[in-house]
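Please read them alongside the display below.

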Amino acid sequence: MHGTRVYPDEPAGSFPSPPVTFEDRDGRSIVVRPFESEEPRLDALTEMYVQFDPADRAQGIPPTGEKRVRDWLETICADGLNVAAWDDDSVIGHATLVPDVDDPAAVDDAGEIAWELAIFVLQEYQRAGIGTELLEALLGYASEQGVENVWLTVERWNSPAIALYERVGFEVCGAESFEQEMSIRLG
């Protein structure tokens, strides 16, 4: 298969491997670690998404309603790589990479499968540096697991998210009318 998605020629810099502990801009001690989906951790992640403001949903995710959230999480946790940001016993952020095996454009010329990224941080924890730490920890974890190509789509008007992705090394690789596609190559 010949892929049509473009990835940078050079791998991005190295990223930290989770667990990562840091103090956010509001002085909270946050821990980012790989997410295992057994109970009660799945309950904590489900609760984060139940609290998530529907106005901050992008491209239909996260879904709304506890059952739909849990079904969605069970699928992405089974198939993907996941990290969660914790404030004590509460999940306050989640980042996932899901293998894009159904899209021929997601397979590069070397036959490597690309992974689609999604990241969410609860509204009251946004703009505190958590998204950056969460994203970098996910990319470090993915690199350890042998993932090479990562892509995402972001709404064009979401300037804070685009700036975050560019800061960690994502490059614009395509655009639709409302969305911008970005990609990164891990080392």
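**Note on the fold and local geometry**

1. Within the protein chain, residues 24 or more positions apart account for 65% of the contacts with a separation of 6 or more, a contact being heavy atoms within 4.5 Å. This is a predicted model, in which local features need pLDDT of at least 70 and side-chain atom pairs count only at pLDDT 80 or more, while totals for chains, interfaces and linings use all residues. Residues are numbered from 1 along each chain as its sequence is written, and side-chain values use heavy atoms, with hydrogens and water left out.

2. Overall dimensions. The radius of gyration of the protein chain is 16 Å, which agrees with the value near 16 Å for a compact globule of 187 residues; the radius is taken over C-alpha atoms, and the globule rule is 2.2 Å times the number of residues to the power 0.38. Along the principal axes, the C-alpha atoms fill a box of roughly 45 × 35 × 30 Å.

3. Burial and surface. Of the 187 residues, 49% are buried (buried is under 20% relative accessible area, exposed over 50%, partly exposed in between; 1.4 Å probe, protein chains only). The accessible surface comes to about 9,300 Å², and carbon and sulfur atoms hold 47% of that area; accessible areas come from the Shrake-Rupley method with a 1.4 Å probe, and for residues only the protein chains shown count as cover.

4. Secondary structure. The protein chain contains four helices and eight strands, in the sequence order β-β-α-α-β-β-β-α-β-α-β-β. These elements are DSSP runs numbered from the N terminus (helices H or I, at least four residues; strands E, at least two).

5. Antiparallel pairings. Strands β1 (residues 20–23) and β2 (residues 29–34) run antiparallel and are joined by four bridges; strands pair if DSSP finds at least two bridges between them. E23 has S29 of β2 as its bridge partner. The two strands form a hairpin with five residues between them, and G27 in the turn has a positive phi of about 85°. On to β3 (residues 81–87), β2 is again linked by four bridges in an antiparallel arrangement, with V32 partnered by A85.

6. Parallel pairing. Three bridges join β5 to β6, which run parallel, and W115 has V150 of β6 as its bridge partner. Six of the seven residues of β6 (residues 149–155) are buried, so this strand is largely enclosed by the rest of the structure.

7. Helix α1. In α1 (residues 41–51), the buried residues are L42, A44, L45, T46, M48 and Y49. They pack against α2 (66–79), β3, β4 and β5.

8. Backbone exceptions. Most residues other than glycine have a negative phi, and most peptide bonds are trans. A cis bond joins P18 and P19, with omega about 10°; P19 lies in the segment before β1. The bond from I61 to P62 is also cis, with omega near -5°, and P62 lies in the loop between α1 and α2. D88, in the loop between β3 and β4, has a positive phi of about 60° although it is not a glycine, and is exposed at 66% relative accessible area. R127, in the loop between β5 and α3 (130–144), has a positive phi near 60° and is exposed at 70%.
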